[in-house]
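Reader: I have the sequence and the coordinates open beside me, and I would like to go through them with you question by question. Please state each cut-off when you use it.

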Amino acid sequence: MLGFYKPAEGCTVDQEDGRPWPAEGMDAPNTLFVRRRIACGDLVETEKPTEVPPAEEPEIEPPAVVEPPEGGETGGEQVTEATVTETPPRTRRSKGEK
């Protein structure tokens, strides 16, 4: 059974795995660890916040595409393919070398 818990005012609580408990709260199973945190007053059961749907963003028109003039020079070099460079392999040293 899951419940929504958040740290009490002014408290910081670690989860079982050592990560900090989120200040805004999180769902957690009803385990001995969680019950102990509630009993000592570090965790408080609260209602899960309601998710507010994001406001609709107005549609943005894509920028206009400018085409080069026909038949003439474009004034720049034409890019064909990107060159791929390889990273050279690292040499391994023995533990004795430095």
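Reader: In which segment is T46 found?
Author: This is a predicted model, where local features need pLDDT of at least 70 and side-chain atom pairs count only at pLDDT 80 or more, while totals for chains, interfaces and linings use all residues. Residues are numbered from 1 along each chain as its sequence is written, and side-chain values use heavy atoms, with hydrogens and water left out. Strands are DSSP runs of E with at least two residues, and helices are runs of H or I with at least four, numbered from the N terminus. On that basis, T46 is found in the segment after β3 (43-45).

Reader: Does T46 count as buried, partly exposed or exposed, and why?
Author: Buried means under 20% relative accessible area and exposed means over 50%, with partly exposed in between (1.4 Å probe, protein chains only). Because T46 has a relative accessibility of 25%, the residue counts as partly exposed.

Reader: Which residues does T46 touch, leaving out those up to four places away in sequence?
Author: A contact means heavy atoms within 4.5 Å. T46 and Y5 are 41 residues apart in sequence, yet their C-alpha atoms are 5.7 Å apart in space. With residues up to four places away not counted, T46 touches F4 and K6.

Reader: Which residues make up the largest nonpolar core?
Author: A nonpolar core is a set of buried Ala, Val, Leu, Ile, Met, Phe, Trp, Tyr and Cys residues joined through side-chain atoms within 4.5 Å. In soluble globular proteins, nonpolar side chains tend to be buried together. Here the largest such core has seven residues, namely Y5, V13, W21, A28, F33, V34 and L43.

Reader: In what order do the elements of the protein run from the N terminus on?
Author: The protein has one helix and three strands. Read from the N terminus on, the elements run β-β-α-β.
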